[in-house]
Amino acid sequence: MPVTEQTTEATLFDKLGGADAVASLVDRFYERVLKDPELEPYFRNVSTEKLRTMQREFFSAALGGPVEYAGRPILHAHHDLRITLALFQRFVRHMFDTLAEFNLSEPDVYDIISRLNMYTNDVVSAGLGLVG
Ligand code: HEM
């Protein structure tokens, strides 16, 4: 058997339902985030339109879709924001709750969440030692 095997398995991007589904995932997710009194203040001076565009791109790419993320590295976009681990977990929890509205299997939901968790150290300031 060859070491690298061709796979025909659908990407998470496909399983979610493609570009339109990612767009509505991001929109519904941000509704939750912006309703959360602990997270909302972080987004007050941010163009949510631009953020949504970047997030759509980021999620499409992170889920294996045919899109390149052209935004700033996640570490650079967050390193001045003083985001704690608890806030990061709230953010991911909102994504978990949003994913429940979509027609995904449990393993696929956990796969998506674990892809987000890979960015913990890039988003959480305490992990960087740059602020204190
Ligand atoms: C896995 C977790 C996260 C991912 C994947 C993520 C992803 C992103 C992306 C793709 C951008 C756009 C970067 C750009 O404009 O070039 C962004 C910006 C931003 N994120 Fe996150 N984010 C995460 C967690 C968080 C959390 C927990 C908060 C707040 C508590 C947050 C607050 C922000 C803010 C305020 C901006 C705009 C920064 C600016 O324009 O200067 N993010 N994020």
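Helices α2 and α3 are oblique to each other, in a model that is predicted. Angles under 35 degrees count as roughly parallel, over 145 as roughly antiparallel, 65 to 115 as roughly perpendicular and the rest as oblique. Helix α2 spans residues 18-35, and its axis lies 9 Å from that of α3 at an angle of about 130°. Axes are lines fitted to C-alpha atoms, for helices over the stretch in contact, and angles run from 0 to 180 degrees between N-to-C directions. Helices are DSSP runs (H or I, at least four residues), numbered from the N terminus. The crossing of α2 and α3 is right-handed; that is, the near helix is turned clockwise from the far one by less than a right angle. From α2, the contact (heavy atoms within 4.5 Å) uses Val22, Ala23, Val26, Asp27, Tyr30 and Leu34. From α3 come Thr48, Leu51, Arg52, Gln55, Arg56, Phe59 and Ser60. This contact of α2 with α3 divides into 7 nonpolar, 3 polar and 3 charged residues. Ala, Val, Leu, Ile, Met, Phe, Trp, Tyr, Cys and Pro count as nonpolar, Asp, Glu, Lys and Arg as charged, and the others, Gly among them, as polar.

Residues are numbered from 1 along each chain as its sequence is written. Local features need pLDDT of at least 70, side-chain atom pairs count only at pLDDT 80 or more, totals for chains, interfaces and linings use all residues, and side-chain values use heavy atoms, with hydrogens and water left out.

Helix α2 also packs against α5. Their axes come within 9 Å and cross at roughly 130°. The pair α2 and α5 is therefore oblique, and the crossing is right-handed. Leu25, Arg28, Phe29, Tyr30, Arg32 and Val33 of α2 meet Phe91, His94, Met95, Asp97, Thr98 and Leu99 of α5. The residues of this contact comprise 7 nonpolar, 2 polar and 3 charged.

Helix α5 in turn meets α6 (residues 106-117), with axes that come within 10 Å and cross at roughly 155°. The two helices, α5 and α6, are therefore roughly antiparallel. Their crossing is right-handed. Phe88, Val92, Met95, Phe96 and Leu99 of α5 contact Val109, Tyr110, Ile112, Ile113, Leu116 and Asn117 of α6. The contact of α5 with α6 has 10 nonpolar residues, 1 polar and no charged.

The largest pocket holds about 710 Å³ of space. On a 1 Å grid over the protein atoms alone, a pocket is an open set of points where a 1.4 Å probe fits, with protein on both sides within 12 Å along at least five of seven lines. Grid points are joined across faces, edges and corners, and the volume is the space filled by probe spheres set on the points. The lining (residues with an atom within 4 Å of a point) numbers 27 residues, and Tyr30, Leu51, Gln55, Ala77 and His78 lie nearest the centre. Two or more lining residues come from each of α3 (48-62), α4 (74-78) and α5 (85-99). Helix α3 gives the largest share, 6 residues. The lining divides into 21 nonpolar, 4 polar and 2 charged residues.

Arg82 lies in the loop between α4 and α5. Its phi is near 55°, a positive value in a residue other than glycine.
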